[in-house]
Amino acid sequence: MKKLSTKNKRHQISRQKYQLKRSKWANGKRKRKNRDILRRWVEPIFVERIAPVYFNLSHESANEVISYINSVKKIGNSGNGVNINLADVKDIGIGAISMLLSVMAELRSTGTRFKGIKPNHLESNNVLERSGFMKFVSGNTKLEN
């Protein structure tokens with residue numbers, strides 16, 4: 001029979017201890033240590049993006065809206081939170097809202113957080129609330145909408 005070296009003996013002893021722990025884990029007698037205890041939730045940095053005044057997909061403002069949505073997507077992919085500022089919007093369209101919602105849903109699946117400011121203009125605020133946008137974003141709606 002071959003003589004074992006001290007290094008090999010230490011390896012076999014540590015291996016036996018591990019096998020014993022593993023069998024206890026399988027039987028439910030011992031629980032694994034939670035290694036995620038050291039992870040702390042960190043508040044994300046929110047980058048604000050101000051929406052164009054005419055937030056619809058008409059010929060005049062389509063390029064501005066698409067570039068705005070691309071900038072929101074780029075910020076979300078970088079790992080920062082996005083503050084969507086719609087305060088100055090005077091005209092809002094359902095197509096632009098749906099594009100923004102689809103980008104938000106895609107980024108939310110990767111863990112991006114969102115904040116937002118509603119439009120100050122009464123008609124565009126009503127259009128935004130009636131579109132169902134507030135179901136996907138936390139916020140209050142008026143009873144009439």
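Predicted model: local features only at pLDDT ≥ 70, side-chain atom pairs only at ≥ 80, totals over all residues.
Tutor: Local features here require pLDDT of at least 70 and side-chain atom pairs pLDDT 80 or more, while totals for chains, interfaces and linings use all residues. Residues are numbered from 1 along each chain as its sequence is written, and side-chain values use heavy atoms, without hydrogens and water.

Student: Why is the pair of F55 and Y68 called edge-to-face?

Tutor: Rings of Phe, Tyr and Trp (its six-membered ring) pair if their centres lie within 6.5 Å; planes under 30 degrees apart are stacked, over 60 edge-to-face, and the rest tilted. The centres of F55 and Y68 are 5.8 Å apart and their planes stand at 90°, so the pair is edge-to-face. A search of the whole structure finds 1 aromatic pair.

Student: Are F55 and Y68 buried or exposed?

Tutor: Buried means under 20% relative accessible area, exposed over 50%, and partly exposed in between (1.4 Å probe, protein chains only). F55 has 0% relative accessibility and therefore counts as buried; Y68, at 4%, is buried as well.

Student: What makes K115 a charge over the ring of F46?

Tutor: The criterion is NZ of Lys or CZ of Arg within 6 Å of the ring centre and within 35 degrees of the ring normal. The charged end of K115 sits over the F46 ring, 4.4 Å from its centre.

Student: Which residues have the most contacts inside the largest nonpolar core?

Tutor: A nonpolar core is a set of buried Ala, Val, Leu, Ile, Met, Phe, Trp, Tyr and Cys residues joined through side-chain atoms within 4.5 Å. The largest has 24 residues, and those with the most contacts inside it are F55, Y68, I84, L100, M104, F114 and F133.
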